[in-house]
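Subject: Structure handover

Hello,

Here is the structure for your files. My notes on what was found in it follow below.

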Amino acid sequence: MNRAFSLYLDFLRAGAALVVFLTHGRFTWFSQGITWLPSLGHEMVIIFFVLSGYVIAQSTGKGGKDGKVYASDRLSRLYSVVIPALLLTVCLDQAGSRIAPALYADLMAPDHYLIRIGLAGLFVQQCWTLSSIPGSNAPFWSLAYEFWYYALFGLFSFCRRPLWLFLGTLAWVALLGWKIPLLLPVWLLGCGAFWLGQRRPLSPATGGIVALGSGTAFLASALGYVSLPGAEPHWVAQAPLFFSGHVAVDLQMGLLMAAHLYGMSAWLSASQSDPTGTLPARAIRFIANRSFTLYLIHLPVLAFVRAVIPFDGKSDLQVALVMGLAGTFILLIAGPIEHSRFYLRRHLDRLLGVVRPVKGG
């Protein structure tokens, strides 16, 4: 992967996280439905799923990894942000609900608060008929999908005994039910885009055409200019499938995004430029390196800001200023949170008996 394509992946990651942040600023409890903000939260999660599959396939395909290294990498990546995000959610929810109880009554389920936090910490909040939200932090639903995709990918990548592979897969399905497996193909499309790019790479010119066509189709569909088969204009997550209820469209969107990555990897493979030192590249990296934290804590922060700062939700300027304040706060605290990944990974390495090669040795 050259630097230009790596930067493009960071651009997608940073952009998707920012769009989710802006989408939740559109909610009527925050801004009373200001229309200039986008409404593309679910579509951005599809981008995250495809990107995740692509990056996991790419990093695992480098070689030199075993199951312990994979587990340490994935768990440290997740829990370094999940633990602070859940702790911050609890603190902000408890403080905010005392200041603005009516607001939080609309945002949070009234019962079993700590149980919901615990379920999210174990990534089981979407199993079977459950659709449990940890306090005000609705975006946590996607982690209950992604964690188990990591687990299944690791099982198939590193388990060498057919019986254990069969039993592990059976246990995976038995634990999760039907909702989470429904979106597994979307995640696997990202893996497929990487593997196809390695085995059947396109020419740069053809890659550019594929990337432009699929990317345009994805944006046109997300923005409502093109209606994919099965699309519902005002779809909302509800029982019995909740966030998997739009699976037919999600698969089509995932296919378009996977084709886009496949094409872009070929098109940018011809690039000899090194954009990493430019100001736009540094800005993209800055946000991308904080995008996981931005995604996981922005909604509790927005709820707390709504509770404590008096502003007119109908005023574009006031909404923009408050969202800018909230976003700046998140990006400032995200650096140390994201960096804790390496500290946690060292402890997990010791616990699991991981020995990593010394770089440059």
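Which are the buried residues of helix 13 (residues 279–288)? They are Ala-281, Ile-284, Ile-287 and Ala-288. Because these residues cover an arc of only 135 degrees around the axis, they sit on the same side of helix 13; the arc is that of the directions from the helix axis to the C-beta atoms. Helix 1 (3–25) and helix 14 (291–308) are among what covers them. Buried means under 20% relative accessible area, exposed over 50% and partly exposed in between, with a 1.4 Å probe and protein chains only. Helices are DSSP runs of H or I with at least four residues, numbered from the N terminus.

A note on the source: this is a predicted model, in which local features need pLDDT of at least 70 and side-chain atom pairs count only at pLDDT 80 or more, while totals for chains, interfaces and linings use all residues. Residues are numbered from 1 along each chain as its sequence is written, and side-chain values use heavy atoms, with hydrogens and water left out.

Ser-244 is in the loop between helix 11 (204–222) and helix 12 (247–267). Ser-244 counts as buried because its relative accessibility is 0%. Its side chain makes a polar contact with the side chain of Tyr-145 at 2.6 Å, and a polar atom of that Ser-244 side chain lies 2.8 Å from the backbone oxygen of Lys-179. (A polar contact is a pair of N or O atoms within 3.5 Å; within protein, one must be able to donate a hydrogen and the other to accept it, and residues adjacent in sequence count only if both atoms are side-chain atoms.) Leaving aside neighbours within four places in sequence, Ser-244 is in contact (heavy atoms within 4.5 Å) with Tyr-145, Lys-179, Ile-180, Leu-182 and Leu-183.

Arg-116, in helix 6 (residues 113–121), is also a buried residue, at 16% relative accessibility. The Arg-116 side chain reaches the backbone oxygen of Asp-111 at 3.0 Å. Not counting residues up to four places away in sequence, Arg-116 touches Ala-109, Asp-111, Ser-132, Ile-133 and Pro-134.

Gly-327 belongs to helix 15 (residues 316–352) and counts as buried at 11% relative accessibility. Its C-alpha atom is 7.9 Å from that of Leu-294, 33 residues apart along the chain.

Is Trp-164 buried or exposed? Trp-164, in helix 8 (residues 162–176), is exposed, with a relative accessible area of 52%.

Regards

Terms used
Helix = DSSP H or I, 4+ residues; strand = E, 2+ residues; numbered from the N terminus.
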